[in-house]
Amino acid sequence: MADLHPCQSCGACCAHFRVSFYWAEAESLGLPEALTEAINPWMSCMKGTGQRAGGVRCVALAGEIGREVGCTIYPQRPSPCHELQPGEERCLRARAAHGLPALSGKMSLT
């Protein structure tokens, strides 16, 4: 587990933020309808991230937050997942919400 990218031992962002995007993005990425839900006529989100009641957790997230996680649709993940980078402010906020320590500096998801 020492060789894991920090995101693969975290997953906090996938269980903290709503992953919302223009509805047609899901279709262009080939995301199954069962993984998304409508927010309004123009926007969709990843199922599990739209409601705050009962907690947020993306349906595509596998594993245990803070230990070892992975995205089951990584090659098809929507734009908000590409945009959030490890070590940035939103990442640190999600990590703190899950009791995880801050990362030292920004990293790339290459």
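Which side chain does Glu89 meet in a salt bridge? The partner of Glu89 is Arg93, at 2.9 Å from N to O; a salt bridge here is a side-chain nitrogen of Lys or Arg within 4 Å of a carboxyl oxygen of Asp or Glu. Keep in mind that this is a predicted model, where local features need pLDDT of at least 70, side-chain atom pairs count only at pLDDT 80 or more, and totals for chains, interfaces and linings use all residues. Residues are numbered from 1 along each chain as its sequence is written, and side-chain values use heavy atoms, with hydrogens and water left out.

**Overall layout**
- The chain has 3 helices and 5 strands, taken as DSSP runs numbered from the N terminus (helices are H or I with at least four residues, strands are E with at least two).
- Of the 110 residues, 31% count as buried (buried is under 20% relative accessible area, exposed is over 50%, and partly exposed is in between, with a 1.4 Å probe and protein chains only).
- Take the contacts with a separation of 6 or more: 54% of these link residues 24 or more positions apart (contact means heavy atoms within 4.5 Å).

**Salt bridges**
- The count comes to 3 salt bridges.
- Glu89 and Arg93 sit 4 residues apart in helix α3, so about one helical turn separates them.
- Glu89 is partly exposed at 48% relative accessible area, and Arg93 is partly exposed too, at 41%.
- Glu88 pairs with Arg90 in another salt bridge, with the closest N and O atoms 2.6 Å apart.
- In that pair, Glu88 is buried at 13% relative accessibility, while Arg90 is partly exposed at 32%.
- Glu64 and Arg67 make a salt bridge as well, at 3.7 Å from N to O; Glu64 is partly exposed at 48%, and Arg67 is partly exposed at 48%.

**A buried arginine with no partner**
- Arg77 turns up in the loop between β5 and α2.
- Arg77 is buried but has no salt bridge, and Glu25, the nearest side chain of opposite charge, is 9.4 Å away (Lys and Arg count as positive, Asp and Glu as negative, and His and the chain ends are not counted).
- Leaving out neighbours within four places in sequence, Arg77 is in contact with Leu29 and His82.

**The largest pocket**
- The largest pocket holds about 730 Å³ of space.
- Here is how pockets are found: on a 1 Å grid over the protein atoms alone, a pocket is an open set of points with protein on both sides within 12 Å along at least five of seven lines, and lining residues have an atom within 4 Å of a point.
- Grid points are joined across faces, edges and corners, and the volume is the space filled by probe spheres set on the points.
- The lining has 35 residues, and Cys7, Cys13, Cys14, Tyr74 and Cys81 lie nearest the centre.
- β5 (68-71), α2 (79-83) and α3 (89-97) each supply at least two lining residues, with α3 giving the most, at 4.
- By class, the lining has 25 nonpolar, 6 polar and 4 charged residues (Ala, Val, Leu, Ile, Met, Phe, Trp, Tyr, Cys and Pro are nonpolar, Asp, Glu, Lys and Arg are charged, and the others, Gly among them, are polar).

**Around Thr36**
- Thr36 belongs to strand β2 (residues 36-38) and is buried at 14% relative accessible area.
- Not counting residues up to four places away in sequence, Thr36 touches Phe21, Ala26, Leu31, Cys45, Met46 and Lys47.

Technical notes. On a 1 Å grid over the protein atoms alone, a cavity is a set of points where a 1.4 Å probe fits but cannot get out, and a pocket is an open set with protein on both sides within 12 Å along at least five of seven lines; lining residues have an atom within 4 Å of a point.
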